[in-house]
Amino acid sequence: MLLLVPIAGAASNTGNIKKADLYQAPENSTNENALFAELSANVELYNMNFDKVPDILQRLVASEEIAGKIKLENGEMLYVTLLMGGGQVRDFYSYETPDDPNSKFGPSITVETDEKTIQNVLDSKEPLKEAVKSMNDGSLKVETEGLFRNFMLSTLKTFYK
């Protein structure tokens, strides 16, 4: 989202990319599981194509804990966390409550959005630009802690209008 979503989609249109295996959701799965599976596949693509991810995004997410709160089309919530290291995703998981039970210090970046916005970004030919557009229209809310992160987010929004 931009951090989950742009991270997941940042490398999706960058030349020779190995396609992830398609996820087949079980018949009784929820939207939550299907979306989480799709985001997980995109996280793998991001890490595999890390060398093509814009430097500004790599610096913004460097070694952060990113919390995602996604309102699903069925009204349920999907809560996820990305643990970053050196700009790459080290761990990505979901949990049942608004607060991550595994977090020791709390997120330094929080992203709130809905399923439709995520799908728009993932389906876009230019996911980072689509994410910035969504941030500007308010459908993708990104909160950062600290002056450096705020500056990096502002710079990213400027470069990818």
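## Aromatic pairs and model confidence

Ring pairs join Y79, Y93 and Y95 into a cluster; rings of Phe, Tyr and Trp (its six-membered ring) pair if their centres lie within 6.5 Å, with planes under 30 degrees apart counted as stacked, over 60 as edge-to-face and the rest as tilted. This is a predicted model, in which local features need pLDDT of at least 70 and side-chain atom pairs count only at pLDDT 80 or more, while totals for chains, interfaces and linings use all residues. Residues are numbered from 1 along each chain as its sequence is written, and side-chain values use heavy atoms, leaving out hydrogens and water.

**Aromatic pairs**

- Searching the whole structure turns up four aromatic pairs.
- F36 and F92 are stacked, because their ring centres are 4.9 Å apart and their planes are at 15 degrees.
- This pair links distant parts of the chain, 56 residues apart: F36 lies in helix α2 (residues 31–48) and F92 in strand β3 (residues 88–95).
- Y93 and Y95 form a tilted pair, with ring centres 6.0 Å apart and planes at 50 degrees.

**Burial**

- F92 has 13% relative accessibility, so it counts as buried (under 20% relative accessible area; 1.4 Å probe, protein chains only).
- Y93 and Y95 are buried too.

**Confidence**

- The chain's average pLDDT (the predictor's confidence in each residue, from 0 to 100) is 84, and 80% of the residues score at least 70.
- Among the chain's elements (DSSP runs; helices are H or I of at least four residues, strands E of at least two, numbered from the N terminus), mean pLDDT is lowest in helix α1 (residues 5–9), at 56, and highest in strand β4 (residues 109–114), at 97.
- Where pLDDT is low, the predicted coordinates should not be read in detail.

Technical notes:
Buried means under 20% relative accessible area, exposed over 50%, partly exposed in between (1.4 Å probe, protein chains only).
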